[in-house]
Every structure is written in structure tokens, then in C-alpha cells.
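The structure is shown first, and the notes follow by topic.

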Amino acid sequence: MPGLRRAAIDIGTNSVKLLVAEVNGDTVRPLLERSEQTRLGRGFYETHRLQPDAIRQTAQVAAEFAVAAAEWKPDSTCVIATSAARDALNPSDLLEAVRCATGLTVLIISGEEEADWVFRGVITDPALAHHPVLIVDVGGGSSEFILGTKSVQYSRHSFRLGTVRLLEHLQPADPPTAGDWGKCEAFLGRFLDKQIRPLLAPALRARSGEQVQLVATGGTSTILAGIQLALRDFDRDRLDGAGLTREQVRQHRAHLWSLPLSERKKIIGLPAKRADVILMGSAIFEAVMEHLDFSRLRVSTRGLRYAAVMQ
């Protein structure tokens with residue numbers, strides 16, 4: 001039987017993403033995927049107010065994506081917003097701008113909901129159906145950590161740790177200095193040890209007799225895989241399920257932190273608009289693998305939007 005055709009527009013702290021897919025139960029077949037960086041979180045973390053220019057640009061891209069989705073005649077189109085929107089003092093400004101631009105209502109989801117949806121989206125991959133996984137979704141404003149199997153989630157948390165948030169907090173020089181890296185490494189070490197490890201460690205210890213697989217989703221992980229594979233364009237077939245060792249992640253992080261922004265923009269596999277935030281994304285994944293002792297990660301191109309179209 002043919003599935004339902006659905007669309008989801010995801011308004012994140014760094015970018016707006018679109019998925020149009022055919023949905024049949026837990027099976028999601030992508031028909032159209034697009035992503036555009038609008039940096040909704042720029043200038044946000046000092047005042048916790050969404051800035052007018054960022055709101056306008058985000059609403060404009062959401063409108064373009066709504067038009068693109070409509071060409072596929074979906075049965076439904078949902079718009080969701082995450083970290084920056086839920087932390088903002090003025091979320092109504094964003095909601096009204098998107099409603100006027102698209103005619104659609106935005107649903108701001110909580111960190112708990114985001115973690116749950118990320119998990120349910122990622123495990124639509126049949127390869128992940130029968131073994132415990134720790135899914136880490138690094139976004140612009142938050143990161144979600146979910147430990148579970150296809151049938152149950154053992155631990156689910158959303159943390160205020162993201163690439164845009166961290167970039168605005170640390171503000172490294174261009175090119176980054178050794179001191180900049182030292183500050184970043186120390187910050188992430190403290191964050192992992194004080195906030196993430198205490199919540200995850202008991203659940204991980206309970207699974208100590210099983211082989212827990214680290215699964216990474218979100219823009220940073222697909223970019224790191226794209227760099228590793230030297231992909232000039234998004235290639236789902238090659239990216240979904242790609243693997244990176246801890247040493248490969250460390251090498252990519254060290255190389256990225258050694259270059260000025262102008263040189264990072266030339267790296268194959270790294271979109272030029274993401275050449276600034278990739279510093280923080282690569283550092284976060286290196287820290288996660290070091291502090292939680294994972295030697296390898298598996299990249300997933302699935303996640304939040306997959307669950308959104310299954311709602």
C-alpha cells in the first residue's frame with residue numbers, strides 16, 4: 001500500500017531544514033531534502049532575544065521551503081522549532097513572522113520532546129533495530145543524548161550545548177590559537193564531566209555487558225563524514241551509516257582548528273557557511289568520544305524530521 005506523503009520544516013538555531021517524505025508506518029522514504037543556514041541564534045545568547053534580521057531571514061526560508069513542499073502535494077506539512085525558539089524571551093515574534101510568511105503554525109518542542117523525536121527518527125534505520133545505541137544529536141543551540149534500543153529508551157536528555165551557542169561563548173580568534181583550543185577543550189571537559197556523564201553513566205553501566213553503538217546525527221556529523229569521504233555534495237547513500245574512528249575525528253578537529261576561516265571554506269565536504277561552527281561541532285564530538293570512551297561513531301542522516309513526518 002502506498003504511504004502518506006508528508007512534509008516537515010525544522011527551524012533550528014543554525015539552519016532551517018525541509019523533509020518531504022512518503023511515510024508508511026515506521027518506514028520513511030525521503031523525496032526532497034533541503035537545508036539553508038539562517039543562523040537564527042546569532043546575537044541571541046547575550047540577551048536571549050531573537051534578532052529581527054535573523055527572524056526575517058528564517059521566515060523567508062521557511063516560506064521558500066513551504067512552496068517547495070507544496071509542489072509534492074503533501075497530505076500535511078508541519079513546522080517545528082527547537083533550542084533558540086524555546087529559550088527565547090520573544091518566541092512570538094518568530095511564530096508570527098513564520099505564520100505570516102507561510103500560513104503555517106509553528107510548534108516549539110521541548111528539549112525532552114526533541115530528544116524523543118531524534119531517537120524515534122534515527123531508529124527507523126533497520127540496521128539499528130536490534131542493538132543498544134547512544135544517539136548524540138549536536139545542533140546549534142542544544143545537544144540531545146539518548147540511550148536505548150528500538151523498543152525502549154533508557155536515558156534521554158537535552159543539554160544546552162550547541163555549535164552556535166559555544167561559538168558565541170568562546171569567540172576564538174581567526175585562526176584559532178592554541179589558547180583558544182585549550183579553553184574549548186577545558187570547557188567541554190567540565191561540561192561532560194559535570195552535566196552529561198552523571199546523567200548517562202548509570203544507564204551506560206547498566207548496559208556494560210552489551211556493545212553500545214555511538215550514533216551521531218545532525219549537521220556536524222554529516223559534515224565530518226563528508227570531509228572524510230571528500231563529498232562535494234550531499235549523498236545520503238554514502239553518508240547514512242558511514243563510520244568515523246575517534247582518531248579520525250581528532251585529526252579532523254585538529255586540522256580544522258589549525259586553519260583560518262578562509263582556508264576552512266575551501267575544504268571539500270565542508271559547506272562554506274558552516275566553516276565557522278564546524279570548529280565547535282568537531283570539538284564536541286571529540287570530547288564525547290574521549291570522555292564517554294567510544295572508539296567509533298556511526299553517522300545517521302535520519303533524526304528529528306523523520307519523527308516529525310511520522311507524527
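Cys100 is exposed in this predicted model, its relative accessible area being 55%, over the 50% that marks an exposed residue. Cys184, in contrast, is buried, with a relative accessibility of 0%.

**Cysteines**
- The whole structure contains 0 disulfides.
- Cys100 takes part in no disulfide, and the nearest cysteine sulfur, which belongs to Cys78, lies 19 Å away.
- Because a disulfide requires sulfur atoms within 2.5 Å, that distance of 19 Å rules out a pairing of Cys100 with Cys78.

**Gly281**
- Gly281 sits in helix H11, which spans residues 278-291.
- Gly281 has 0% relative accessibility and so counts as buried, the limit being under 20%.
- Leaving aside residues up to four places away in sequence, Gly281 touches Thr163 and Thr220.
- Leu167 is 114 residues from Gly281 along the chain, yet their C-alpha atoms are separated by 9.4 Å.

**Cis peptide bond**
- Asp174 and Pro175 are joined by a cis peptide bond, with omega about 0°.
- Pro175 belongs to the loop between helix H5 (163-170) and helix H6 (178-206).

- Arg39, not a glycine, has a positive phi of about 50°. Arg39 lies in the loop between strand S3 (27-37) and helix H1 (52-70), and is buried at a relative accessible area of 11%.
- Ala230, also a residue other than glycine, has a positive phi near 55°. The loop holding Ala230 runs between helix H7 (219-229) and helix H8 (236-239). Ala230 is partly exposed, with a relative accessible area of 47%.

Technical notes:
Residues are numbered from 1 along each chain as its sequence is written. This is a predicted model: local features need pLDDT of at least 70, side-chain atom pairs count only at pLDDT 80 or more; totals for chains, interfaces and linings use all residues. Side-chain values use heavy atoms; hydrogens and water are left out. Buried means under 20% relative accessible area, exposed over 50%, partly exposed in between (1.4 Å probe, protein chains only). Helices (H or I, at least four residues) and strands (E, at least two) are DSSP runs, numbered from the N terminus. Contact means heavy atoms within 4.5 Å.
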